[in-house]
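Here is a friendly walk through one protein model, helix by helix and ring by ring. Have the viewer open as you read.

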Amino acid sequence: MTFTKQLFKMTSMALPNITAKTFSRYLGKSEGYYGSITAQKLDISTNGLLFLSEVLDQKNSITPSKRIADVQL
C-alpha cells in the first residue's frame, strides 16, 4: 500500500465521515486532487501534508482523539 493510500485510510478511520473529496480539501487542494494523484501514482505534495497537519491539529484540539494523534505521527 502506498503512503498516500495508507494516509487516507488512517485519516478515514480517525474521521469516519471523510470522503475522497473532503480529504482533498483537508489537503488544501481541489476536490479531485486525491483521485487524480492516486490514479497517476503520485505522492501528496509537501504543502498538502502541511495543510493536513494543521487541519488535524485543529480537529484534535476540538475533540482529542488517539486516532488523530496516530495519523499525525
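Leaving aside neighbours within four places in sequence, Ser 24 is in contact with Lys 29, Ser 30, Glu 31, Gly 32, Tyr 33 and Tyr 34 in this predicted model. Ser 24 sits in helix α2, which runs over residues 20-26. Is Ser 24 buried or exposed? Its relative accessible area is 0%, so Ser 24 is buried.

Thr 22 also has its place in helix α2. With 17% relative accessibility, Thr 22 counts as buried because the cut-off for that label is under 20%. The side chain of Thr 22 reaches the backbone nitrogen of Thr 19, at 2.7 Å.

**Helix α1**

Helix α1 covers residues 3-14. How far apart are the end C-alpha atoms of α1? They are 16 Å apart, which agrees with the 16 Å that its 12 residues should span at 1.5 Å a residue. The buried residues of α1 are Thr 4, Leu 7, Phe 8, Thr 11 and Ala 14. These residues cover an arc of only 125 degrees around the axis, so they lie on the same side of α1. As for partners, the buried residues of α1 pack against α2, α3 (33-39), α4 (46-62) and α5 (66-72).

**The nonpolar core**

The largest nonpolar core has 15 residues, and those touching the most other members are Leu 7, Phe 23, Leu 27, Ile 44, Leu 52 and Leu 56. Two or more residues of this core come from each of α1, α3, α4 and α5. What does Leu 7 touch, not counting residues up to four places away in sequence? Its contacts are Phe 23, Ile 44, Leu 49, Leu 52 and Val 71.

**Aromatic rings**

The structure holds three aromatic pairs. Two of them share Phe 8 and are set out in the table.

| Pair | Geometry | Centre to centre | Between the planes |
|---|---|---|---|
| Phe 8 and Phe 23 | edge-to-face | 5.1 Å | 75 degrees |
| Phe 8 and Tyr 34 | stacked | 4.7 Å | 25 degrees |

The stacked pair of Phe 8 and Tyr 34 links distant parts of the chain: Phe 8 is in helix α1 and Tyr 34 in helix α3, 26 residues apart. Both Phe 8 and Tyr 34 are buried. Which residues form one aromatic cluster? Phe 8, Phe 23 and Tyr 34 do. Tyr 34 is also one of the residues in contact with Ser 24.

**Helix α4**

Helix α4 has 17 residues. From its first C-alpha to its last, α4 reaches 25 Å, close to the 24 Å expected at 1.5 Å a residue. Gly 48, Leu 52, Val 55, Leu 56 and Asn 60 are buried in α4. Why do the buried residues of α4 line one face of the helix? Seen down the axis, they fall within an arc of 130 degrees, so one face holds them. On the other side of α4, the exposed residues are Thr 46, Asn 47, Leu 50, Glu 54 and Ser 61. The buried residues of α4 pack against α1, α2 and α5.

Within helix α4, Val 55 counts as buried at 14% relative accessibility. The C-alpha atoms of Val 55 and Gln 72 are separated by 10 Å, and these residues are 17 residues apart along the chain.

**A look at Ser 36**

Ser 36 belongs to helix α3. Its relative accessible area is 32%, so Ser 36 is partly exposed.

Note on methods: Residues are numbered from 1 along each chain as its sequence is written. This is a predicted model: local features need pLDDT of at least 70, side-chain atom pairs count only at pLDDT 80 or more; totals for chains, interfaces and linings use all residues. Side-chain values use heavy atoms; hydrogens and water are left out. Helices (H or I, at least four residues) and strands (E, at least two) are DSSP runs, numbered from the N terminus. Buried means under 20% relative accessible area, exposed over 50%, partly exposed in between (1.4 Å probe, protein chains only). Contact means heavy atoms within 4.5 Å. A polar contact is a pair of N or O atoms within 3.5 Å; within protein, one must be able to donate a hydrogen and the other to accept it, and residues adjacent in sequence count only if both atoms are side-chain atoms. The expected span of a helix is 1.5 Å times one less than its number of residues. The arc is that of the directions from the helix axis to the C-beta atoms. A nonpolar core is a set of buried Ala, Val, Leu, Ile, Met, Phe, Trp, Tyr and Cys residues joined through side-chain atoms within 4.5 Å. Rings of Phe, Tyr and Trp (its six-membered ring) pair if their centres lie within 6.5 Å; planes under 30 degrees apart count as stacked, over 60 as edge-to-face and the rest as tilted.
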